[in-house]
Amino acid sequence: MSLDAESTQPILQSYVGFDSITSQIEKKLLKRGFQFNVMVVGQSGLGKSTLINTIFASHLIDSKGRTQPDEPTRQTVEIHSFTETVIENGVKLRLNIVDTPGYGDQVNNENCWEPIIKYIKDQHSAFLRKELTAMRDRFIQDTRIHCCLFFISPTGHSLKPIDIVVLKKLTEVVNVVPVIAKSDSLTIEERIAFKQRIKEEMAFHNIKLYPYASDEDDEQDQALNESIQDLIPFAVVGSEKTIVVDGKPVRGRQNRWGVINVENENHCEFIHLRNFLTRTHLQDLIETTAMIHYESFRSKQLLALKENGQQQHH
Ligand SMILES: Nc1nc2c(ncn2[C@@H]2O[C@H](COP(=O)(O)OP(=O)(O)OP(=O)(O)O)[C@@H](O)[C@H]2O)c(=O)[nH]1
Ligand SMILES: [Mg+2]
């Protein structure tokens with residue numbers, strides 16, 4: 001008998017099958033499906049509603065709002081959310097999109113961000129309440145915002161003071177991913193310079209954007225994060241119109257100089273944004289929301305509750 005056989009024997013005998021745990025978990029997760037909540041925020045008229053419709057196009061048209069792709073967009077006047085269930089290869093994803101009205105065009109813009117911050121906190125608070133109830137459901141419906149797309153005006157110069165204020169507030173409570181809106185109005189060179197400028201300003205104002213560096217990151221995580229950090233802010237173009245390019249219908253914008261195909265990587269970074277949201281970072285955005293933003297909300301609330309209780313006791 002070889003030494004080798006001797007050493008493998010006991011291991012083979014003790015096989016109990018727990019390696020199937022991954023497929024057990026997978027089955028359970030697949031059955032339950034995933035919930036993903038995205039919000040768009042930014043100044044008025046930057047194309048927030050349009051981009052949402054561009055990203056989730058085929059699913060939105062037969063659900064809510066616009067039924068004709070060439071119907072004009074309406075100004076968003078209040079925070080509203082809509083849910084769409086998408087199934088791909090047996091995986092169920094419930095997408096909840098929260099559209100917010102643009103801010104910044106009032107005479108007095110003070111506290112214009114408050115309803116948005118309140119909305120985000122309200123979702124945390126609802127989740128906490130459900131977590132704390134005695135008869136708690138085995139599965140809590142999650143409405144916490146996992147990703148906030150922040151729209152930057154394509155001025156080519158710098159961020160607006162109001163944007164810096166709003167960004168500060170948002171990054172404290174949610175994963176923020178900035179995008180350069182309507183980037184078809186910038187040339188490639190302008191876009192590169194503007195991106196650099198925005199990165200510098202964010203760093204200068206100490207605005208903490210997703211993804212956050214963590215000690216637990218392995219090389220793979222780090223590489224993934226770095227590849228995304230390079231791309232952020234995504235320079236995007238949205239369109240609700242379908243244009244025919246080389247006989248193929250695509251989402252695009254026609255202007256005096258030609259056609260912008262939103263799905264063409266040479267024209268804009270729409271595809272990168274969509275891949276980031278749906279392919280590469282979906283799970284991490286959900287997990288980071290629970291582990292960082294919700295956790296910090298929760299510990300603050302529980303601490304406040306405890307202090308209140310102690311005060312009443314005395
Ligand atoms: N050039 C250009 N125009 C765009 C783009 N995206 C949207 N628009 C146009 O900009 C206008 C405003 O778009 P909306 O999507 O309503 O903007 P919004 O940010 O939702 O506006 P509010 O709801 O008022 O805050 C519409 O006429 C769009 O067709 C884009 O990427 N490039
Ligand atoms: Mg809108």
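**The ligand site**

Tutor: Among the elements around ligand 1, helix H3 gives the most to the shell, with 3 residues; helices here are DSSP runs of H or I with at least four residues, and strands are runs of E with at least two, both numbered from the N terminus. The model is predicted, so local features need pLDDT of at least 70 and side-chain atom pairs pLDDT 80 or more, while totals for chains, interfaces and linings use all residues. Residues are numbered from 1 along each chain as written, chains are lettered from A and ligands numbered from 1 in the order written, and side-chain values use heavy atoms, without hydrogens and water.

In total, 16 residues surround ligand 1, the closest being Lys-48, Thr-50, Thr-76, Asp-184 and Gly-238; a residue counts if one of its heavy atoms lies within 4 Å. The shell comprises 2 nonpolar, 10 polar and 4 charged residues, where Asp, Glu, Lys and Arg count as charged, Ala, Val, Leu, Ile, Met, Phe, Trp, Tyr, Cys and Pro as nonpolar, and the others, Gly among them, as polar.

Oxygen atoms of ligand 1 lie 2.5 Å from a polar side-chain atom of Thr-50 and 3.1 Å from one of Lys-182.

The magnesium ion, ligand 2, has Ser-49 (OG) and Thr-76 (OG1) as its protein donors, at 1.9 to 2.2 Å; donors are N, O and S atoms within 2.8 Å of the metal (3.2 Å for Na, K and Ca), and sites may look incomplete because water is not among the atoms. Ser-49 belongs to helix H3 (residues 48-55) and Thr-76 to the loop between helix H4 (57-61) and strand S2 (80-88), so the pair ties together parts 27 residues apart in sequence.

Technical notes:
A polar contact is a pair of N or O atoms within 3.5 Å; within protein, one must be able to donate a hydrogen and the other to accept it, and residues adjacent in sequence count only if both atoms are side-chain atoms.
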